[in-house]
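Subject: The structure I promised

Hi there,

Here is the structure we talked about, ready for you to open alongside this email. Have a look at it first, and then read on.

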Amino acid sequence: SAQQDSAAGELADAKVATTTEVSPVSSSRPLIPKLKLPSPTVPRMKPADQDFSALTENRPPCRIPDIEFRGIQPRHLSQLELFLQSRADTGGTLTGWYMENGHSLKAQLELKQLNAYELAAWVIWPMTANEQCSYVEAITQHPSSQRPQWFISHHWGDAVLNLVAGVRKHLQIRGLGDLSPYWACIFCMGQH
């Protein structure tokens with residue numbers, strides 16, 4: 001019944017809210033995602049063909065052997081957000097970025113809905129594959145400045161921009177600077 005579906009949805013929302021430590025109030029991800037089928041004028045890109053120099057500054061990774069010391073700074077999250085925005089068109093579609101669903105349809109990815117699974121496939125895996133390192137190791141210069149002060153528990157299916165917004169809100173509420181590192185598995189663990 002509709003009442004049971006509503007109650008189940010509220011319970012699921014409550015479960016997510018209790019397991020997410022740093023997150024915005026609501027998710028922008030629709031319950032049933034709209035698929036944008038490929039346009040004949042937009043070529044399909046390959047994740048490995050991207051230029052990640054805006055994130056890595058063409059430096060080799062800075063190895064941090066102890067996973068627990070690989071925090072990501074909010075400024076690095078902002079750089080990632082700018083990188084993603086630079087790949088989106090004015091409507092928020094990530095140009096040339098597609099996903100395959102269980103029905104073999106190809107749908108272009110949307111910036112506001114990009115989740116951690118898609119971020120890993122399009123940015124983290126291809127950027128870190130050759131060096132077999134974590135995202136944090138690929139982007140940092142100073143391992144000592146990456147020691148996390150906060151831990152983020154997040155749902156990989158939620159929009160990455162929600163995680164970024166949640167960190168910004170946490171910084172604001174706590175009066176923290178942009179250099180306060182957070183530990184989040186997607187960025188701190190090697191994804192290979």
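Below are my notes on the core, the salt bridges, the cysteines and one loop. Please keep in mind that this is a predicted model.

Let me start with the core. The largest nonpolar core has 40 residues. Those with the most contacts inside it are Leu55, Leu84, Leu119, Val123, Tyr135 and Phe187. Two or more core residues come from each of α3, β1 (93-100), α4, α5, α6, β4 (182-183) and α7 (185-188). Helix α4 provides the largest share, seven residues. As background, nonpolar side chains tend to be buried together in soluble globular proteins.

Setting aside residues up to four places away in sequence, tyrosine 135 touches Leu55, Ile72, His76, Leu80, Val123, Ile124, Met127, Thr128 and Phe187.

Next, the charged pairs. The structure holds four salt bridges, and I describe some of them here. In general, side chains of opposite charge can pair when their charged atoms come close.

Arginine 168 and glutamate 81 meet through their side chains in a salt bridge, with 2.4 Å from N to O. This pair links distant parts of the chain: arginine 168 sits in helix α6 (residues 160-174) and glutamate 81 in helix α3, 87 residues apart. Is each partner buried or partly exposed? Glutamate 81 counts as buried because its relative accessibility is 14%, under the 20% cut-off. Arginine 168 is partly exposed, with a relative accessible area of 37%.

Arginine 63 and glutamate 131 form another salt bridge, at 3.4 Å from N to O. Here too the pair links distant parts of the chain, 68 residues apart: arginine 63 lies in the loop between α2 and α3 (74-86), and glutamate 131 in the loop between α4 (116-128) and α5 (135-139). Arginine 63 is partly exposed, with a relative accessible area of 40%, and glutamate 131 is partly exposed with a value of 40%.

There is also a salt bridge between glutamate 57 and arginine 59, whose closest N and O atoms are 2.5 Å apart. Glutamate 57 is partly exposed at 46% relative accessible area, and arginine 59 is partly exposed at 23%.

On to the cysteines. The count of disulfides comes to zero. Cysteine 188 is in no disulfide, and the nearest cysteine sulfur, that of cysteine 185, is 8.1 Å away. Cysteine 188 is buried, at 0% relative accessibility. Cysteine 62 is buried as well, with a relative accessible area of 16%.

Finally, the loop between α1 (2-19) and α2 (53-56), where you will find glutamine 50. Glutamine 50 is a polar residue worth a look: why does it count as buried? Glutamine 50 is buried because its relative accessible area is 9%, under the 20% limit. Leaving aside neighbours within four places in sequence, glutamine 50 is in contact with Met45, Phe83, Arg87, Trp97 and Trp122.

Methionine 45 is found in the loop between α1 and α2 too, and is partly exposed, with a relative accessible area of 29%. Not counting residues up to four places away in sequence, methionine 45 touches Gln50, Thr95, Gly96, Trp97 and Trp122. The C-alpha atoms of methionine 45 and threonine 95 are separated by 8.3 Å, although the two are 50 residues apart along the chain.

Happy browsing, and do write back with any questions!

Best wishes

Conventions
Residues are numbered from 1 along each chain as its sequence is written. This is a predicted model: local features need pLDDT of at least 70, side-chain atom pairs count only at pLDDT 80 or more; totals for chains, interfaces and linings use all residues. Side-chain values use heavy atoms; hydrogens and water are left out. Helices (H or I, at least four residues) and strands (E, at least two) are DSSP runs, numbered from the N terminus. Buried means under 20% relative accessible area, exposed over 50%, partly exposed in between (1.4 Å probe, protein chains only). Contact means heavy atoms within 4.5 Å. A disulfide is a pair of cysteine sulfur atoms within 2.5 Å. A nonpolar core is a set of buried Ala, Val, Leu, Ile, Met, Phe, Trp, Tyr and Cys residues joined through side-chain atoms within 4.5 Å.
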